[in-house]
Amino acid sequence: MPLFISLSLAFSFIVQSASPLQSLLESTTFNYTGITLAVCSIAGIVLKKLPTKICYDVFASGALLAWFSHWKPLFNDDSPIFFFYPLYFAFMMAFVSLFFIQRPQVIDYDTFRYIKYVSRKYKLPPWLVMAGVLVSLALHQHFLLFPIMMTLLIIRFALTSYLEQHLTNRL
């Protein structure tokens, strides 16, 4: 999810440097753009018209855009969540990509079978996790719910990517 990582790092830099771009990113245009991107990627994943990795990347980026533009006016200008959450998302996604998705040979066959079993038995559809992320955007009082749902989305992305990559490598 290179777009999501780049956008997260850009938001952290913009907030930390007190850039005038913050006021532009707080506009309702970016909020609606982010929500539109997120909803379109949910539709793409449900209809299976786009590759899964692209849908996850567009959704996460759209949700981040909507989160920033929707929440930033509600908090103080020096609120640390707008610096730390995007950094957390970027590092979490980079860690998952480097050490889990890009290294399928590290996991043995028994572990792969267990991961596949868990994926089938406790099927948590990606669109449901994505819908949960969008719902968490509206709950301002529970400001930890958004990063928790995004972490769940990242874990779901890692599971999906790993299984797809492993199955492609075996064929």
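Predicted model: local features only at pLDDT ≥ 70, side-chain atom pairs only at ≥ 80, totals over all residues.
Local features were taken at pLDDT of at least 70 and side-chain atom pairs only at pLDDT 80 or more, while totals for chains, interfaces and linings use all residues. Side-chain values rest on heavy atoms, with hydrogens and water left out, and residues are numbered from 1 along each chain as its sequence is written.

A pair of aromatic rings is described by the distance of the centres and the angle of the planes. Searching the whole structure turns up 10 aromatic pairs (rings of Phe, Tyr and Trp, the last by its six-membered ring, with centres within 6.5 Å; planes under 30 degrees apart are stacked, over 60 edge-to-face, the rest tilted). One of them is Phe11 with Phe68: the ring centres sit 4.7 Å apart with planes at 20°, so this pair is stacked. Phe11 comes from helix α1 (residues 2-16) and Phe68 from helix α4 (residues 52-71), so the pair ties together parts 57 residues apart in sequence; helices here are DSSP runs of H or I, at least four residues, numbered from the N terminus. Phe11 is buried at 3% relative accessibility (buried is under 20% relative accessible area, with a 1.4 Å probe and protein chains only), and Phe68 is buried too, at 0%.

Then there's Tyr85 with Phe89, whose ring centres are 6.4 Å apart and whose planes meet at 40°, so this one is tilted. Both residues belong to helix α5 (residues 81-101), where being 4 residues apart puts about one helical turn between them. Tyr85 counts as buried at 10% relative accessibility, and Phe89 is buried at 0%.

Phe11, Phe68, Tyr85 and Phe89 are among the members of one aromatic cluster, which also includes Phe4, Trp67, Trp71, Tyr88 and Phe146.

Note on methods. Helix = DSSP H or I, 4+ residues; strand = E, 2+ residues; numbered from the N terminus. Buried < 20%, exposed > 50% of the residue type's maximum accessible area, 1.4 Å probe, protein only.
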